[in-house]
Amino acid sequence: MIPRIHKQGSNTLGLLHYLYGKGTHEEHVDPHLVASFDTMAPDPGRDPSVTKKDLQHLLDQPLSLLGRDQRPDKHVWHCSVRAAPADPILSDEQWGEIARRMVAATGIDPGDGAGCRWAVVRHADDHIHIIATLVREDGRRPDHHRSGKRAQAEARVIEADYDLHRVTPGDGTAAKRPTSAERHKAEHQGRDRTAREELRETVRQAVAGAATETEFLARLQAAGLLVRQRVAPSGDLLGYKVALPGNHNRDTEPVFYAGSTLAPNLSLPRIRARFAPTPTAEREQPMRWDTARSRRPLSAPAAARCSATRAAWTALITLDQDGEGAAAARIAATGEILDSLALTSAAHTSQQLRDAAWAFERASRSHTREEYRHAQALRRAARDLRHGGPVSGRAADGASTAMLIDTLFFLATAAAHWHAKLQHAQQAESAQQAAAHLHAAYSIAAEEPMARLRVQGQRLAQPVRNWSAALLRATAPEIAEAVLREPGWPALAATLTHAYQTGHNPQALLTEAIAHRELDSAGSVSDVLVWRLHHLADLPAHTETAAHPQAQGARRHSPDVAPHPAPPHAPAARLPRR
């Protein structure tokens, strides 16, 4: 249930005309009164002998008893209360009781016998409108300070009492919701989102990885937005506004929105805070193995995705190690990576990634002020993704995308846990929603590269498959049997084999891959371990694993390596040396 306190007005009759009218798009059905301050107010909706002027005169009577110099300029208080789409249709009696609780909680009519006069109009199944005059019966002003937060608090109690959908409480950092007029205008223009929402997404994408104000503003213009800059006499930029082409007001002028009105963290000062004027204090996760070997050169998109995976992995394992400000910055920069990835993704994953970025936007903002010096690697990765361009049809591009999405899924899950620990309910819920979208995107992106790896695993010689299974049992006996039954096990066996062939200790790799972060939220543990091993060993995103000694001998440029000791109780069969 969402209560909303509208701007105070000065025209009681004008608001009544709207509430009892047909609506902007004739969406008002059967407007009628469901409750009032004395339960006896006239209803111009169902009583033909009553006019809206009669109801207005009754509500404004305490105002008329005051002298002109004592009357408030804005005396009309307006609150709408909307139920969730999944909630049952409430009766007029139930809505009337909800309205009484709202006016009491907000201080409009606290129940002392001298409160403000108010009335409740219902013209739809899912919401009501409360109109009141901000003068009490005793001539004093009501105490309705912070009535919005008081109404929200009462709504949470009403949801529990009526067994309605529980809305996650906010902390005042959410972006401003589109107004009814903005929603109706978008519907009329055939757009799925309002101009405010479209601009918010476009500005977010322009911020992602931007290094300077000049680059940020150039991206806005390249995206086709109308940009208006506010410049000081000294030439310094003070602020900016953006507008969508074709979105005009009644005077056919573009409707501009300041960045701060799109979202609190899109104001110019908050954007400037993201830039890196000094060397960063962040720590890069060191590689622990020699990775010198021959590989096919990666395309620019694939290389950018591999770089972003490394940055995301470092953020995942160091998320909350440098204080709350560092964690908040890493989460915000993760949103930049999601925006850049959605902007450059292939068509078959673009919608899921765009939905993930849209959901995570709420998780990237809280009252914790970001310390961006800890998140510059993520911001550079977001910049590289954008400059790398869209992915092609190459196999390496698909594999590198799947590896990045897999890491971002766990990073979004970790962000949800961090927010939940700090009781950031809305942010935690949004991060979980983003993780769900990332899981859907991963299922699409990983289908082809995982199928290729599974084929490679199935082609391994039986002694090699036995060796891989024994290594898994010795390293992680608690999950081994479940992993061996997964469809993705052959892909994991192929990855372990390739790590061994390129000179790594597969048991040490597997131990570290399991140790970093939880695996409980993984849909397929073997899939997760495949991409973690690829990252830890810096394996190429697209490889052909040698299944037989002859195939391995064909790798003329690979260094000769001695086999690592087999895990305890492993079969004697090892990968042959050249």
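This report walks through the aromatic pairs, ring-facing charges and salt bridges of a predicted model.

A few ground rules before we start: residues are numbered from 1 along each chain as its sequence is written. Local features need pLDDT of at least 70, side-chain atom pairs count only at pLDDT 80 or more, totals for chains, interfaces and linings use all residues, and side-chain values use heavy atoms, with hydrogens and water left out.

**Aromatic pairs**

How many aromatic pairs does a search of the whole structure find? It turns up three. For a pair, ring centres of Phe, Tyr or Trp (its six-membered ring) must lie within 6.5 Å; planes under 30 degrees apart are stacked, over 60 edge-to-face, and the rest tilted. One of them is F409 with F410, edge-to-face at 5.1 Å centre to centre and 85° between the planes. Both F409 and F410 are buried (under 20% relative accessible area; exposed is over 50%, partly exposed in between, with a 1.4 Å probe and protein chains only).

W467 and Y500 make another edge-to-face pair, with 5.3 Å between centres and 65° between planes. This pair ties together distant parts of the chain, 33 residues apart: W467 sits in helix α18 (residues 462–475) and Y500 in helix α20 (residues 489–501). Helices here are DSSP runs of H or I, at least four residues long, numbered from the N terminus. W467 is buried at 4% relative accessible area, and Y500 is buried too, at 6%.

**Charges over rings**

A charge sits over a ring if NZ of Lys or CZ of Arg is within 6 Å of the ring centre and within 35 degrees of the ring normal. F410 shows up again here: the charged end of R532 sits over its ring, 4.8 Å from the centre. R228 does likewise with F256, at 3.9 Å.

**Salt bridges**

There are 28 salt bridges in the structure, each a side-chain nitrogen of Lys or Arg within 4 Å of a carboxyl oxygen of Asp or Glu. Here are some, with their N to O distances.

| Salt bridge | Distance |
|---|---|
| E97 and R100 | 4.0 Å |
| R101 and E154 | 3.0 Å |
| R365 and E361 | 2.6 Å |

E154 is buried, at 18%.

E97 and R100 share helix α4 (residues 92–105), three residues apart, or about one turn. E97 is partly exposed at 35% relative accessibility, as is R100 at 32%. R365 and E361, by contrast, are both buried. Finally, D112, R136, D138 and R140 join up in a salt-bridge network.

Notes: Helix = DSSP H or I, 4+ residues; strand = E, 2+ residues; numbered from the N terminus.
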